[in-house]
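Work through the exercises below with the sequence and the model at hand. Each task is followed by a stepwise solution.

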Amino acid sequence: QGGAKYNFASISARGMATVADSLTAVKQLVFDEKRLTMKELMAALRTNFRGREQLRAMLKNKVAKFGTDDDTADGMAKLVAGMFCDEVARHRSVRNGAPFRPGFFSYGMHVIDGSLLGATPDGRLAGEPVSNSLSPSNRTEAKGPTATLRSVSKIDHSKITNGSSLNMKLMPGLLRTDEGRAKFESMLRAYFKSGGMHVQFNFVDNTTLLDAQQHPEKYADLIVRVSGYVAYFTDLGKSLQDDLIRRTEFGEI
C-alpha cells in the first residue's frame, strides 16, 4: 500500500566535478580561447590522448577547476548540480507518488563508473575513476582546503534534498596544536555559514595508507571515510584504496 507516509525514493549522482571540469574545459579552450576545435578534442578523447600528451597536460593544468574557488568552474558546477537536482525532483515514485529526492553520494561506485568510461575533456584517462560524490576531482584542489570549501558552498544545497558527501584528506599533524585545532574549527564554521551541507575528513597520510596496502596485517583497525560511509581500509578493494590515496593531502589550513 505504499509503506510509510514519508516513504520517498532517491537518486544519487557521482562524477559531478568530472562533468563540470570537462564542460569548463570545452567552454574555455574551444569556444572562448579557440585554442583547439571540437573535432580535435573529440579525436584526442577517442584515442585516450595517445600521442597528444601536451593537449592532455593543457586540459589538466591550464583550465579552471572546481574546488579552487574559481567562479567560472564553480559556476559550471552549480549549473550541473542544479540541473541534475531539478530533473530528479520532476519525477515521482511509482510506489506512492512521492517525488524523487536528489543526492550526491558515490559509495565507491565512482571507481566502477570510471572503469567503464572513456577519456573526458578534463584530461582524465579512460578507465580512471570519476570524481566522488560532490567532491572535486582528485588532486585538482590546488589552492588549499579553504578554497575547496568555498567552491562547494557555492552550490545550492537546498536542492540536494537527499544529502551529499564532500570528502577531504588532512594531514594528522594539523590537529596536534591548539592553533591548528582553532583554525580547523574556524574553517568548518565558515563553511557551514556560507551554505555548505556536509564534509567528512580522513586524518591520515599517504605513507600510512601505502604501508597498509603492503602490510594489511599491521592495520586491521585502520578506518577511513570513503564517500558517505566508513570502512576498514584493508577490507576495501585495491582500486578503491588507490582512489583514497590519490586524494589531495592538505598539509595546512
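Phe 201 is buried, at a relative accessible area of 8%; buried means under 20%, exposed over 50% and partly exposed in between, with a 1.4 Å probe and protein chains only. The model is predicted, so local features need pLDDT of at least 70 and side-chain atom pairs 80 or more, while totals for chains, interfaces and linings use all residues. Residues are numbered from 1 along each chain as its sequence is written, and side-chain values use heavy atoms, without hydrogens and water.

**Exercise 1.** Classify the ring pair of Phe 184 and Phe 201.

Step 1. Rings of Phe, Tyr and Trp (its six-membered ring) pair if their centres lie within 6.5 Å; planes under 30 degrees apart are stacked, over 60 edge-to-face, the rest tilted.
Step 2. The centres of Phe 184 and Phe 201 are 5.0 Å apart and the planes stand at 70°, so this pair is edge-to-face.
Step 3. Phe 184 belongs to helix H7 and Phe 201 to strand S4, 17 residues apart.
Step 4. Phe 184 is also buried, at 14%.

**Exercise 2.** Determine how the buried residues of H7 are arranged around its axis.

Step 1. List them: Gly 180, Phe 184, Met 187, Leu 188 and Tyr 191.

How values were computed. Helices (H or I, at least four residues) and strands (E, at least two) are DSSP runs, numbered from the N terminus. The arc is that of the directions from the helix axis to the C-beta atoms.
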